[in-house]
Amino acid sequence: MKTARFIALVLLAGCFAGIIHGTANLVIVEPYLDEAIGIENQNLFSSGEKQDTPEFWVEYSSYRDWQKGGQVLAGAILGTSVGALFGIIFAFSRRSLPGNHNVKKALILAGIMWLTIYFIPFLKYPANPPTVGDPETVVLRSILYLSFIAISGFGALGFYKLSNRLDKGKKIAVILGYAVFISIIFVAMPQNPDEVTAPMDLVIGFRAMSVIAVSIYWIALGIILGAFWQKLQPDKSLQTYTS
Amino acid sequence: MSNFEEIIVSKQAVPTFAVVILALIFGFGLFLVGYDQGHLFSIIQGAEAFDDLFIHELTHDMRHAAGFPCH
């Protein structure tokens with residue numbers, strides 16, 4: 001495999017998909033973030049922690065512009081890093097993925113990874129807007145979230161390895177095995193310790209838009225990486241020989 | 001007289017070097033966007049970076065939108 005070409009196409013695909021993710025967030029998630037931060041500000045004023053002064057709003061505008069401006073850049077960074085993981089797994093699993101086109105193969109893998117390392121963990125520990133989340137519990141929540149992703153991801157990998165040793169007819173048992181495994185983990189893992197005190201329509205709307213934006217990322221990643229792989233064929237090289 | 005022929009050879013082996021590079025990028029990017037609380041800038045800025053939280057604020061909206069636990 002051509003190492004430089006492989007690394008470059010994986011990183012570029014992840015970066016482009018991440019930029020799409022960041023842009024989608026700006027359009028569909030940002031209004032919910034603004035609303036949630038507005039509630040946070042009202043709570044600060046009513047508790048006396050901050051004063052509703054022109055100076056406050058100047059400072060607020062300054063850091064909110066910085067935060068919003070970071071959406072696309074953070075999308076590019078996160079997209080590149082998750083894309084790097086996706087590229088590694090795609091390179092190892094490409095031959096065993098169904099389909100005769102690399103875009104189809106990449107979309108199937110993107111779907112599997114979306115489900116196992118994003119959506120199932122999301123169901124257990126859903127995304128929350130600002131105002132939900134106690135700073136005192138952020139380390140615990142981070143450990144729980146990452147642990148669940150790791151358990152689900154490595155669990156899926158383990159069952160995939162197991163499926164390679166079984167006949168085709170028995171592969172459904174592996175999917176059922178993963179479903180049972182992750183259901184047990186789902187029930188056994190502790191709940192998010194924070195109480196949701198924000199309005200539920202805000203929280204539900206935010207979560208729905210968050211899922212849509214992340215799903216757009218995974219679809220974009222599958223299409224772009226698959227198309228790049230199809231075009232650049234990093235696993236193939238032209239060799240000349242004399243006969 | 002010898003003939004030159006070209007064939008396309010498929011090399012499936014994934015280079016270890018590429019896997020290591022990509023794994024490092026994955027870990028670094030995930031930490032930066034999801035978990036940095038001034039750690040990266042503290043290398044050059046010192047303890048002040050933990051108060052300024054430049055990276056945290058820059059990635060704040062993506063952190064929430066992508067599902068990472070935040071404050």
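Me: How much area is buried between chain A and chain B, and what share of it do carbon and sulfur atoms give?

Reply: The size of an interface is often given as the accessible area lost when the parts come together. In this predicted model, the area buried between chain A and chain B is about 4,600 Å², where buried area is the accessible area (1.4 Å probe) that two parts lose on being put together, summed over both; carbon and sulfur atoms give 67% of that area. Because the model is predicted, local features need pLDDT of at least 70 and side-chain atom pairs count only at pLDDT 80 or more, while totals for chains, interfaces and linings use all residues. Residues are numbered from 1 along each chain as its sequence is written, chains are lettered from A and ligands numbered from 1 in the order in which they are written, and side-chain values use heavy atoms, with hydrogens and water left out.

Me: How many residues of chain A are in contact with chain B, and which element of chain A gives the most to that side?

Reply: Counting contact as heavy atoms within 4.5 Å, 62 residues of chain A are in contact with 42 residues of chain B. Across this interface the rule finds one salt bridge, a term for a side-chain nitrogen of Lys or Arg within 4 Å of a carboxyl oxygen of Asp or Glu, and that pair is A:Arg64 with B:Asp61 (3.0 Å, N to O). On the side of chain A that touches chain B, helix 2 of chain A gives the most, with 20 residues; helices here are DSSP runs (H or I, at least four residues), as are strands (E, at least two), numbered from the N terminus.

Me: Which residues of chain A form salt bridges with each other, and where do they lie?

Reply: Side chains of opposite charge can pair when their charged atoms come close. Among the six salt bridges over all chains is that of A:Lys68 and A:Asp34 (3.0 Å, N to O). A:Lys68 lies in helix 2 and A:Asp34 in helix 1 of chain A, so the pair ties together parts that are 34 residues apart in sequence. Another joins A:Arg94 and A:Asp235, with the closest N and O atoms 2.5 Å apart; since A:Arg94 lies in the loop between helix 2 and helix 3 (102-124) of chain A and A:Asp235 in the loop between helix 6 and strand 1 of chain A, this pair ties together parts 141 residues apart in sequence.

Me: Are A:Arg94 and A:Asp235 buried or exposed?

Reply: Both A:Arg94 and A:Asp235 are buried, where buried means under 20% relative accessible area, exposed over 50%, and partly exposed in between (1.4 Å probe, protein chains only). A:Lys68, by contrast, is partly exposed at 29%.
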